[in-house]
Amino acid sequence: MKRSELVAPCGIHCAICPLYLAGENSLLLEALVEKGIPREKLPCQGCRALEGHCPVLETPCDTYGCITSRGHDFCYQCQEYPCKRLNPASHRAEVLPHNTKVFNLSVIEHQGMEAFLKRSQEVQARYYKGKMVVGRGPALEGEEKE
Ligand code: SF4
Ligand code: SF4
């Protein structure tokens, strides 16, 4: 599978999702099962391979269905981009990466897929672990005083 095939059409990078990473980490897999993810759905193969049947959803992903029905590869190719499906939300923002979708899509659109694949882990680290410095963005450890 090409590395870019693990980038979902909404901008989520499945290659750094815990459900995908559970394929190489049995402790993580057990922890996810304990959290209620059905064992038979692990490890996840990624959004594109599953055609939007993301294991954290009870029904096929509405966003995936929308993008494919419009014939797009990524949401940024859509006339309605960014629509309400991509709207940032504070609800569950500390555990789910939904607020990174539009940022990720911007990197893919403006800097290209290779640049995104190089940056995405750092983007996720800044999102979950960065300390917000107003006006400068989320700083990683050691960067706060730069
Ligand atoms: S499809 Fe969903 S659960 Fe599977 S790797 Fe992608 S984001 Fe994670
Ligand atoms: S309407 Fe456009 S931007 Fe919104 S989910 Fe569908 S394809 Fe993506």
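Hi everyone, let's start at Gly137, which sits in strand β2, residues 137-139; helices (H or I, at least four residues) and strands (E, at least two) are DSSP runs, numbered from the N terminus. Before going on: this is a predicted model, where local features need pLDDT of at least 70, side-chain atom pairs count only at pLDDT 80 or more, and totals for chains, interfaces and linings use all residues. Residues are numbered from 1 along each chain as its sequence is written, with chains lettered from A and ligands numbered from 1 in the order in which they are written.

Is Gly137 buried or exposed? Gly137 is exposed, because 10 other C-beta atoms lie within 10 Å (buried is 20 or more, exposed 12 or fewer, partly exposed in between, with C-beta atoms placed from the backbone). Tyr127 is 10 residues away from Gly137 in sequence, and their C-alpha atoms are 9.7 Å apart.

On to the ligands. Ligand 1 has 13 residues around it (C-beta within 6 Å), and the closest are Cys14, Cys17, Cys44, Cys47 and Cys54. Around ligand 2 we find, among others, Cys66, Cys75, Cys78 and Cys83, along with His72. Thanks, everyone!
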